[in-house]
Amino acid sequence: MADEIELKTAPADFRFPTTNQTRHCFSRYIEFHRCLAEKGEGSNQCERFARYYRSLCPGEWIDKWNEQRENGTFPGPL
């Protein structure tokens, strides 16, 4: 028998009560990168934020934001 895979998404967040999760996605992406900046690249404490934004954000957005961060043109506060 194959191993079971447990799928989870980000928990509900009272700051984002509507079904449009765009701001929730963006906030979780920023929280992850702030956590990395504060705790370091190897920190396991930031992994939950990574799981959250990866489950909420379309891959194209993540790719674009990563590229913008590398180029120093990311529009958010990191």
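Predicted model: local features only at pLDDT ≥ 70, side-chain atom pairs only at ≥ 80, totals over all residues.
Figure 1. Residues are numbered from 1 along each chain as its sequence is written, and side-chain values use heavy atoms, with hydrogens and water left out. Helix 1 and helix 3 form a right-handed crossing; a crossing is right-handed if the near helix is turned clockwise from the far one by less than a right angle, and left-handed if anticlockwise. Helices (H or I, at least four residues) and strands (E, at least two) are DSSP runs, numbered from the N terminus. The axes of these two helices come within 12 Å and cross at roughly 40°, which makes helix 1 oblique to helix 3. Axes are lines fitted to C-alpha atoms, for helices over the stretch in contact, and angles run from 0 to 180 degrees between N-to-C directions. Angles under 35 degrees count as roughly parallel, over 145 as roughly antiparallel, 65 to 115 as roughly perpendicular and the rest as oblique. Helix 1 contributes Thr22, Cys25, Phe26, Tyr29 and His33 to the contact (heavy atoms within 4.5 Å), while helix 3 contributes Trp61, Ile62, Trp65, Asn66 and Arg69. By class, these residues comprise 6 nonpolar, 3 polar and 1 charged. Here Ala, Val, Leu, Ile, Met, Phe, Trp, Tyr, Cys and Pro count as nonpolar, Asp, Glu, Lys and Arg as charged, and the others, Gly among them, as polar.

**Figure 2. The packing of helix 1 against helix 2.** The axes of helix 1 (residues 22–39) and helix 2 (residues 47–56) come within 8 Å and cross at roughly 150°. Helix 1 is therefore roughly antiparallel to helix 2, and the crossing is left-handed. On the side of helix 1, the contact is made by His24, Cys25, Arg28, Tyr29, Glu31, Phe32, His33 and Cys35. Helix 2 supplies Phe49, Ala50, Tyr52, Tyr53 and Leu56. This contact has 9 nonpolar, 2 polar and 2 charged residues.

**Figure 3. The largest nonpolar core and Tyr29.** A nonpolar core is a set of buried Ala, Val, Leu, Ile, Met, Phe, Trp, Tyr and Cys residues joined through side-chain atoms within 4.5 Å. Buried means under 20% relative accessible area, exposed over 50%, and partly exposed in between (1.4 Å probe, protein chains only). Among the 16 residues of the largest core, Tyr29, Phe32, Tyr53, Cys57 and Trp65 touch the most other members. Helix 1, helix 2 and helix 3 (59–71) each give two or more residues to this core, and the largest share, 6 residues, comes from helix 1. Apart from neighbours within four places in sequence, Tyr29 is in contact with Tyr53, Ile62, Trp65, Asn66, Arg69 and Phe74.

Figure 4. Gln68 lies in helix 3 and counts as buried, because its relative accessibility is 16%. Leaving out residues up to four places away in sequence, Gln68 touches Thr73, Phe74 and Pro75.

**Figure 5. Asp3 in the segment before helix 1.** Asp3 is placed in the segment that precedes helix 1. This residue is exposed, with a relative accessible area of 74%. Asp3 and Pro58 are 55 residues apart along the chain, and their C-alpha atoms are separated by 27 Å.
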